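Please look at the model before reading on.

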Protein chains: 2
Amino acid sequence: MADDADRADTRIWTAALVVIGDEILTGRTQEANLATLARWLNLQGIRLRRAEIVPDEAEPIRNAVVAALAAHDYVFTTGGIGPTHDDITVDAIAGALGLPVVVHPEAEARLRAHYGDRLTPARLRMARVPQGAELIDNPETGAPGIRLGRLFILAGVPKIMAGMLAGLDGKLEGGRPVISATIGAWCPESAVADLLGRVQAQFSAVQIGSYPFWRQRERGVEIGANFVVRAVDPQDLAAALDALRAALAEANITAVEGEI
Amino acid sequence: MADDADRADTRIWTAALVVIGDEILTGRTQEANLATLARWLNLQGIRLRRAEIVPDEAEPIRNAVVAALAAHDYVFTTGGIGPTHDDITVDAIAGALGLPVVVHPEAEARLRAHYGDRLTPARLRMARVPQGAELIDNPETGAPGIRLGRLFILAGVPKIMAGMLAGLDGKLEGGRPVISATIGAWCPESAVADLLGRVQAQFSAVQIGSYPFWRQRERGVEIGANFVVRAVDPQDLAAALDALRAALAEANITAVEGEI
């Protein structure tokens, strides 16, 4: 059994992501930061509960950030913090929060160190922050990310975004991470829907997701499904997995440990 | 010059996407339908203006669908229409719209044709629709998608989702598609930020996006940026591209036609 202190730690910390970029909404660029952020947040004991993708326009950015802050413990944005005219994230967010935009002296110093006498006004744009903001280190290029309390303004380029997240490791208060395990089976998910539902109904502290697949192989299409069991408590997870294995065995379906 | 009839056709048709699935928000599964939908919508003359990703829970699904319908011409959902307990999209949407859930006779007939006497109650779940819905053909598996006026409820598995979209080709009223062209340059985007901003300011009917890249090559890191120019009118696009080429030439920066 988990001890009482563990059991008592039940506060769920939540986060939302606002992805800013016409390039995502037009299909030019495949969004690639959400999964990175989701897995990183889980390690901090924080659940990504919602993500929204908006164009490079002030009003949609403002609305999304304000709504996300109202409903979640932490809010992350990606995109729109570079030096060009389409990078309007800082101004839109400052406007949404009623804050002036100021040049952050430390950000200016970092850009000056990085660019030397090539520090143009365009590059200096990347030192502009909503008043009161702290910087988030950017190990890849000169331009820092921006923290404003529980709001984190990150770059959209995946490698830069991941570098900024790494610098935030352990700095956000969270609860217990979600742990998960996967059982696969070579059967259509509709063949196990009833038993999955019964196992789910027995275990309110776990979530069971069923993810079917169809794969074209030499010998024809292979059909199967992966069942992902998620929980906070290892005992809850183990009990639900045991019940799922038993239910599959009873239905004469071979359970494969791990994702197929 | 575009003729007056073309010029007059200025109504912008918009769409929003609601992605439903814990597997996306936990980082297990990379979202892969947004870009497909965005490009397909553009061919229909419809702009994807917003996308939201919500968990497999009734209230977030309801809120997202209702908000999306209020602000866009068309709304698409992906995910949560399979046979298992975690597939709650139909019930959540019916609840949001105050509609009862009914078994669609044609959907039942299709599933019966597909499964024969293997049509279990779980599989029959996939024939449940909000009252008044039409079916969307699914060329991959038996279970259809659902159309309810300007709301389209699609599968989450990318191949199935793409098959459903193909069946909707030409069936949605739209306006003029956005056309685009890309010019690349081997320079940091901060070196061209000012000239890009000046070209953008000259052409209010185009949007210019700047997308930097850093690539690790044998001889070191290669830095560059792609400039995507988007417009509805081919003349507007051509004029902005010419102005961008001229501005790059004036700055002694070689313009590369097409994406680098």
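Where is B:Asn252 placed in chain B? In this predicted model, B:Asn252 sits in the loop between helix H10 (234-250) and strand S12 (256-257) of chain B. A:Asn252 lies in the loop between helix H10 (234-250) and strand S12 (256-257) of chain A.

Neither residue is a glycine, and the table lists the phi value and the surroundings of each.

| Residue | Phi | Other C-beta atoms within 10 Å | Class |
|---|---|---|---|
| A:Asn252 | positive, about 60 degrees | 7 | exposed |
| B:Asn252 | positive, near 60 degrees | 7 | exposed |

B:Asn252 counts as exposed because 7 C-beta neighbours lie inside 10 Å.

The contact between the chains comes next. Chain A contributes 44 residues and chain B contributes 44 residues. On the side of chain A that touches chain B, the elements giving two or more residues are helices H2 (22-25), H3 (34-43), H7 (121-124) and H9 (193-202), together with strands S2 (46-54) and S10 (207-217) of chain A. S2(A) supplies the largest share of this side, seven residues. Sorted by class, the side of chain A that touches chain B holds 19 nonpolar, 13 polar and 12 charged residues.

S2(A) also pairs across the contact: three bridges join S2(A) to strand S2 (residues 46-54) of chain B, and the two strands run antiparallel. A:Glu52 has B:Glu52 in S2(B) as its bridge partner.

Note on methods: Residues numbered from 1 in each chain as written. Chains lettered and ligands numbered in written order. Predicted model: local features only at pLDDT ≥ 70, side-chain atom pairs only at ≥ 80, totals over all residues. Helix = DSSP H or I, 4+ residues; strand = E, 2+ residues; numbered from the N terminus. Buried ≥ 20, exposed ≤ 12 C-beta atoms within 10 Å, placed from the backbone. Contact = placed C-beta atoms within 7 Å. Nonpolar A, V, L, I, M, F, W, Y, C, P; charged D, E, K, R; others polar. Pairing = 2+ DSSP bridges.
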